[in-house]
Amino acid sequence: MAGLPPAPAAWCSGLRKRYRRRTAVHDVSFEVGRGEVVGLLGPNGAGKTTVIKMLLGLVRPDGGEALLLGRPAAEPAARTDVGYLPELFRYQPWLTPTEVLALHVRLAGAAVPEAERKECLATVGLAGRGDDRVGGFSKGMQQRLGLAVALVARPRFVVLDEPTSALDPLGRADVRDVVLDLRARGVAVLLNSHLIGEVERVCDRVVVLDRGRVAAAGTLAELLGQRELRLHLTGLTAPALERLARTGEVHREGDWLTVAVPADDEATAPELVRDLVGLGVSVHAVEPVRMSLEDRLLGILRAGAADREEQS
Amino acid sequence: MTTVLTVAALTVREATRRRVVLALGVLTVALVGLSVLGFSRLAGESLTSGEARLVASILLNLVMFGFSLVAALGTAFLAGPTLAGETESGTALAMLARPVRRSAFLLGKTLGLVAFGSGFVVLAGLAEVVVVGLTVDYWPPSPVAALVLLGAQTAVLLTLTVLLSTVVSPMASGVVAVGLFCTTWVAGVVGAIGGSLGNEAVERVGSVSRILLPTDGLWRGAMNAFQDPGALTAFGGADEGAGAFPFLSVAPLTPVYLGYTALWVVMVWALAALAYGRKDL
């Protein structure tokens, strides 16, 4: 075994889960490498939280396999170095944050000195609130505490399920910093978030789930591989339109046209402009447009919906 | 083992922080205070020593029933929120995502609840025994066995509540557990009346209920250990009217029944652990 690369932080293959007559997760496979930040995206009800819970042994899969840091996810020991902030976060209202952290350190079997635990509370913005009762905390503060709970036992893999749902913009920026800091320290992160901008800024890779299936997966460069050119043209002729269509999908709004072009091909734009001019078209403006993750995600989900309609 | 002890300590701390201990303490002081008043009045009555022992014996059983009912209600309504409530609210999610076995977590919860519930009933019962002893000079024949059986009765009911908490909502688990506890007690009284009337079919109601839920069986054993042996004779003997009286017990518990009760607890808890282990959170 020596010399082999370490097992991924999380790995799952063919995960399936059915709740009575509804299939929540259907054949989901993906991987989170060591030190990698992976974003889990998808609409409501796509099965993201169920997948996370199956990885953490909180929900029993009906089929498939899952490994956490190289050990079967069903074994409690697999979760030794895992931190988790649930979507439904709630901590004992009759304890103080200091006591909640002490409890989780004990349950994790870790030895974390008090000073480090205090530092952890400070990282999430709860410095000086360690001895207050959790019951008196706002939702945002409880979510910050949840983040501290996920980080306190020196995890090697952190799962954050909607970590900013109750946070203000400042809190969201704090979470972003925490995730970037984890990545810098080589801690793997699986981030489920509806805030696509957040995912785009911090994630190395993205897995898109739709209706319990992996609709797309890859690095941001792979997923956003497509670029667009916005062109202001007059004097368009039929051969010019044909030339544009050969390049990629064309959307037209009056004299403005948008053409999809491959990202890695630097020659496409100048060749297209040269040909259009050659075909007698007046080119007033050419603007490169980078596709956002949001547009890409919507495109993936809409394409999935269209496929389903066609099949039915 | 660390998980079990950590969760057990957490459960006891929850009972303390949620002021359950305070509420039960106040209730116990009130009950013991009232009984001090009552028993001291009794000591002032011109009763023969035999009559005084008889009345003290019956009243002691009555007060103990009050304590066991308070313990049953208290623990049943504590077990629901602490187990089913934590699962419903999401508090359990973060804890069970730690490297802990669900069975160890459940055992910790159960032990914490048993320590709290049985501890309460034993301490309150002990206070009452001392009060009765000091005011009317009545000392039960086997106070230790009686208090242990009272504690065991609470433990049995708690085990049932833990099982219910793993499968139904917190509110339903408390209501069903207390309902079954009271039903079993009534069935025990009905069975005892059947026995004293010589009606085997009615007597069987009590026997069957004591098998299904051993709380009433243990309660009857505790009563037998608290009461004056002469009380049965005063009510016409075990085979006549004494058995029909709800606060007297005609016979001590057999080792076989105690063994069965231990087996019942293990089996019901194992069922709870199985259900909790398979539960999707």
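**View 1. Polar contacts cross the interface of chain B and chain A.** In this predicted model, the rule finds 15 residue pairs in polar contact across the interface, both residues at pLDDT 80 or more. A polar contact is a pair of N or O atoms within 3.5 Å; within protein, one must be able to donate a hydrogen and the other to accept it, and residues adjacent in sequence count only if both atoms are side-chain atoms. On the side of chain B that touches chain A, α1 (2-17), α3 (49-89), α4 (91-96) and α11 (255-278) of chain B each give two or more residues. α1(B) gives the most, with 8 residues. Helices (H or I, at least four residues) and strands (E, at least two) are DSSP runs, numbered from the N terminus. By class, this side of chain B holds 10 nonpolar, 7 polar and 12 charged residues. Ala, Val, Leu, Ile, Met, Phe, Trp, Tyr, Cys and Pro count as nonpolar, Asp, Glu, Lys and Arg as charged, and the others, Gly among them, as polar.

**View 2. Chain B and chain A bury about 2,800 Å² between them.** Carbon and sulfur atoms give 57% of that area. Buried area is the accessible area (1.4 Å probe) that two parts lose on being put together, summed over both. Arg17(B), Arg98(B) and Pro99(B) supply 25% of what chain B buries against chain A, more than any other three residues. The contact (heavy atoms within 4.5 Å) takes 29 residues from chain B and 31 residues from chain A.

**View 3. Asp280(B) forms a salt bridge with Lys17(A).** The closest N and O atoms are 2.7 Å apart. A salt bridge is a side-chain nitrogen of Lys or Arg within 4 Å of a carboxyl oxygen of Asp or Glu. The count between chain B and chain A is 3. Over all chains, the whole structure has 21 salt bridges.

**View 4. Asp81(A) and Arg156(A) pair within chain A.** Their salt bridge has its closest N and O atoms 2.9 Å apart. Asp81(A) sits in the loop between β5 and β6 (82-85), Arg156(A) in the loop between α4 (139-152) and β7 (157-161), so the pair ties together parts 75 residues apart in sequence. Asp81(A) is partly exposed at 22% relative accessibility. Arg156(A) is partly exposed too, at 40%. Buried means under 20% relative accessible area, exposed over 50%, partly exposed in between (1.4 Å probe, protein chains only).

**View 5. Glu200(B) and Arg204(B) meet in a salt bridge.** The N to O distance is 3.8 Å. Both residues belong to helix α8 (residues 200-212) of chain B; being 4 residues apart, they are separated by about one helical turn. Glu200(B) is exposed at 56%. Arg204(B) is partly exposed at 48%. Elsewhere, salt bridges that share partners join Lys17(A), Asp62(A) and Asp280(B) into one network.

**View 6. Thr184(B) is found in helix α7 (residues 170-197) of chain B.** Thr184(B) is buried, with a relative accessible area of 6%. Its side chain reaches the backbone oxygen of Leu180(B) at 2.5 Å. Beyond neighbours within four places in sequence, Thr184(B) contacts Ser209(B), Leu213(B), Thr215(B) and Asp216(B).

**Notes.** Residues are numbered from 1 along each chain as its sequence is written, and chains are lettered from A in the order in which they are written. Local features need pLDDT of at least 70, side-chain atom pairs count only at pLDDT 80 or more, totals for chains, interfaces and linings use all residues, and side-chain values use heavy atoms, with hydrogens and water left out.
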